[in-house]
Amino acid sequence: LDHVEFPYVYLDATYLHVRNAASQVTSMAVVIATGITATGEREVLGVDVGDSEDEVFWRGFLKSLRLRGLGGVRLVISDQHAGLVAALRRSFQGASHQRCRVHFARNLLALVPKSHQDMVAAVFRTIFAQPDAAGVEATWDTVRDQLADRFPKLGPFMDDAKAEVLAFTAFPRAHWTKIWSTNPLERVNK
């Protein structure tokens, strides 16, 4: 993987039913890493199969990518799975972590009564319609305050996630729609 630098790396897992050596069908984690070059070219960097998405499995997978020459990583885009996040902290020190905004929005909506979810989703989307990083951050704070007034649990939840959900704003504006979620990788997984 040392033929080019990959400033952006997407990580995700899916579970598939696999027939093992004892002819039993079990659910296994299939993890995948996709890299994006500075010129926008996409490349699958690695795939692995394991029993679960625990930190040890993710750390081994990430270590294998580094041993194969993966370098130049500036931003890792993923969901907030605990094992993955812990492995990232140890394996990609110095790289930022972009928490998928789509996954975060689902988690946010889970804290809101169904009757208010459409409104909360619409207000939340306004954050990402801003033209620059300062606008995104200011709108996050405004939306956080508006939502916390009606739904007190949302205030601390948004405070805790802000840095990771808005990590994309430190990168070129033209890249934002590609790096603020794991949607590009999830399309590959399908």
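How many residues in the lining of the second largest pocket are nonpolar, how many polar and how many charged? The lining divides into six nonpolar, four polar and two charged residues. In this classification Ala, Val, Leu, Ile, Met, Phe, Trp, Tyr, Cys and Pro count as nonpolar, Asp, Glu, Lys and Arg as charged, and the others, Gly among them, as polar.

The model is a predicted one, in which local features need pLDDT of at least 70 and side-chain atom pairs count only at pLDDT 80 or more, while totals for chains, interfaces and linings use all residues. Residues are numbered from 1 along each chain as its sequence is written, and side-chain values use heavy atoms, with hydrogens and water left out.

The second largest pocket has a volume of about 150 Å³. Pockets were located on a 1 Å grid over the protein atoms alone: a pocket is an open set of points where a 1.4 Å probe fits, with protein on both sides within 12 Å along at least five of seven lines, and lining residues have an atom within 4 Å of a point. Grid points are joined across faces, edges and corners, and the volume is the space filled by probe spheres set on the points. Among the residues that line the second largest pocket are Tyr-8, Tyr-10, Thr-37, Arg-42, His-175 and Lys-178. Strand 1 and helix 7 (176-179) each supply at least two residues of this lining. Helices (H or I, at least four residues) and strands (E, at least two) are DSSP runs, numbered from the N terminus.

Thr-37, one of the lining residues of the second largest pocket, is placed in the loop between strand 2 and strand 3 (42-50). Its relative accessibility is 6%, so Thr-37 counts as buried. Buried means under 20% relative accessible area, exposed over 50%, and partly exposed in between (1.4 Å probe, protein chains only). With neighbours within four places in sequence left aside, Thr-37 is in contact (heavy atoms within 4.5 Å) with Val-4, Glu-5, Phe-6 and Pro-7. Another loop, between strand 1 (8-19) and strand 2 (25-36), holds Ser-23. The phi angle of Ser-23 is near 65 degrees, a positive value in a residue other than glycine.

The largest pocket has a volume of about 180 Å³. Its lining includes Arg-101, Ala-105, Leu-108, Phe-124 and Phe-128. Helix 3 and helix 4 each supply at least two residues, and helix 3 gives the largest share, six residues. By class, seven lining residues are nonpolar, none is polar and three are charged.

Phe-124 and Phe-128 also belong to a cluster linked by ring pairs, together with Phe-104, Trp-140, Phe-157, Phe-168, Trp-176 and Trp-180. Rings of Phe, Tyr and Trp (its six-membered ring) pair if their centres lie within 6.5 Å; planes under 30 degrees apart count as stacked, over 60 as edge-to-face and the rest as tilted. The structure holds eleven aromatic pairs. One of them joins Trp-58 and Phe-61, whose ring centres are 6.0 Å apart and whose planes stand at 70 degrees, so the pair is edge-to-face. Trp-58 and Phe-61 are three residues apart in helix 1 (residues 55-67), a separation of about one helical turn. Trp-58 is buried at a relative accessible area of 0%, and Phe-61 is buried at 3%. In the pair of Phe-104 and Phe-124, the centres are 5.7 Å apart and the planes at 40 degrees, so this pair is tilted. Phe-104 lies in helix 3 (residues 101-109) and Phe-124 in helix 4 (residues 117-125), so the pair ties together parts 20 residues apart in sequence. Both Phe-104 and Phe-124 are buried.

Arg-101 lies over the face of Phe-128, at 4.4 Å from the ring centre. The charged end of Arg-101 also sits over the ring of Trp-180, 4.2 Å from its centre. For such a placement, NZ of Lys or CZ of Arg must be within 6 Å of the ring centre and within 35 degrees of the ring normal.

Seven of the ten residues of helix 2 (residues 82-91) are buried, so helix 2 is largely enclosed by the rest of the structure. Its buried residues, among them Val-85 and Leu-88, pack against strand 1, helix 1, strand 4 (75-78) and strand 5. Strand 5 (residues 96-99) contains His-97, which is buried with a relative accessible area of 12%. Residues touched by His-97 include Val-85, Leu-88, Asp-79 and Glu-164, not counting residues up to four places away in sequence. The C-alpha atoms of His-97 and Asp-79, 18 residues apart along the chain, are separated by 9.6 Å.
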